[in-house]
Amino acid sequence: MVTTRTPRVDKGEAILAAALEVFGREGFSDGNVDDIARLAGVAKPTIYSRFGDKQALFAAAVLRGSASANDRVLGVINSVDLRPDDLRVELGRLGQSLVGCVSHDEGLALMRLQFGERARFPELLDGIRETNRERTVDALAGKLAQLATGGYLTLRDASRAARQFMSLVTDDALSASGFGGRTLTHAELDEPVSAGVDTFLAAFGRRVSEE
């Protein structure tokens, strides 16, 4: 008889995922460790034995969620086609990934914590934000520079262009979500991302006269 084994879920990962969900919904002060334990399917003492206290648990949960979100974005940046059949479509796909934080629960939880708990954890949250942003800018600038070398874009400063691209495709979407207040559908993201890509290409796209 063949038996099927259910994959074992790592308790630490389950706890951190549950903590991010609870803290993202309730905030640090109102986030209850009992609720986190129940959601993770572990005993409350297990949480304290692994993470020490509530503050350490919060930091670990935010760091895990932020690293996961940043890895997803970097994965999409790294997959950008450097010889695209349609540059606008390729940049649109990239733009959708940059605003993916407002289209799923983990991203929204992180955003709410970035704004709601900054006064309590300024070094942690500001540090994460700046580190992730710089990693994203560096990776994106590299891809844009390669597209420029391939004749698809005209750039003077790839890092500045990367920052401008990020602002163009994310600012309206973040505002529309209430900075983490509600989840946006992909349909709702299409217009602001498309408008941002069009503006970016109007500034940096290769002119017909240059061909």
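Reading helices and ring pairs in a predicted model

Q: Where does Gln96 lie?
A: This is a predicted model. In it, Gln96 is part of helix 5, which covers residues 87-98.

Q: Is Gln96 buried or exposed?
A: A residue counts as buried when its relative accessible area is under 20%. Gln96 has 19%, so Gln96 is buried.

Q: Which residues does Gln96 touch, leaving aside those up to four places away in sequence?
A: Gln96 touches His186, Leu189, Asp190 and Val193.

Q: What is the span of helix 9, and what span is expected?
A: Helix 9 takes in residues 186-204, 19 residues in total. From its first C-alpha to its last it reaches 26 Å, close to the 27 Å expected at 1.5 Å a residue.

Q: Which residues of helix 9 are buried?
A: The general idea comes first. An α-helix has 3.6 residues a turn, so residues three or four places apart point the same way. In helix 9 the buried residues are Leu189, Pro192, Val193, Gly196, Val197, Phe200 and Phe204.

Q: How many aromatic pairs does a search of the whole structure find?
A: The search finds seven aromatic pairs. One of them joins Phe28 and Phe58, with ring centres 5.5 Å apart. Planes over 60 degrees apart count as edge-to-face. The planes of Phe28 and Phe58 stand at 85 degrees, so this pair is edge-to-face.

Q: Which parts does the pair of Phe28 and Phe58 tie together?
A: Phe28 belongs to helix 1 (residues 11-30) and Phe58 to helix 4 (residues 54-78), so the pair ties together parts 30 residues apart in sequence. Both Phe28 and Phe58 are buried.

Q: What kind of aromatic pair do Phe58 and Phe121 form?
A: Planes under 30 degrees apart count as stacked. Phe58 and Phe121 have 20 degrees between their planes and 4.4 Å from centre to centre, and the pair is stacked. Phe58 is in helix 4, whereas Phe121 is in the loop between helix 6 (105-116) and helix 7 (122-149), so this pair ties together parts 63 residues apart in sequence.

Q: Why do Phe58 and Phe121 count as buried?
A: Phe58 counts as buried because its relative accessibility is 0%. Phe121 counts as buried because its relative accessibility is 9%.

Q: Which residues do ring pairs link into a cluster?
A: The cluster is made of Phe23, Phe28, Phe58 and Phe121.

Q: Where does the charged end of Lys54 sit?
A: The charged end of Lys54 sits over the ring of Phe28, 4.8 Å from the ring centre.

Conventions: Residues are numbered from 1 along each chain as its sequence is written. This is a predicted model: local features need pLDDT of at least 70, side-chain atom pairs count only at pLDDT 80 or more; totals for chains, interfaces and linings use all residues. Side-chain values use heavy atoms; hydrogens and water are left out. Helices (H or I, at least four residues) and strands (E, at least two) are DSSP runs, numbered from the N terminus. Buried means under 20% relative accessible area, exposed over 50%, partly exposed in between (1.4 Å probe, protein chains only). Contact means heavy atoms within 4.5 Å. Rings of Phe, Tyr and Trp (its six-membered ring) pair if their centres lie within 6.5 Å; planes under 30 degrees apart count as stacked, over 60 as edge-to-face and the rest as tilted. A charge sits over a ring if NZ of Lys or CZ of Arg is within 6 Å of the ring centre and within 35 degrees of the ring normal. The expected span of a helix is 1.5 Å times one less than its number of residues.
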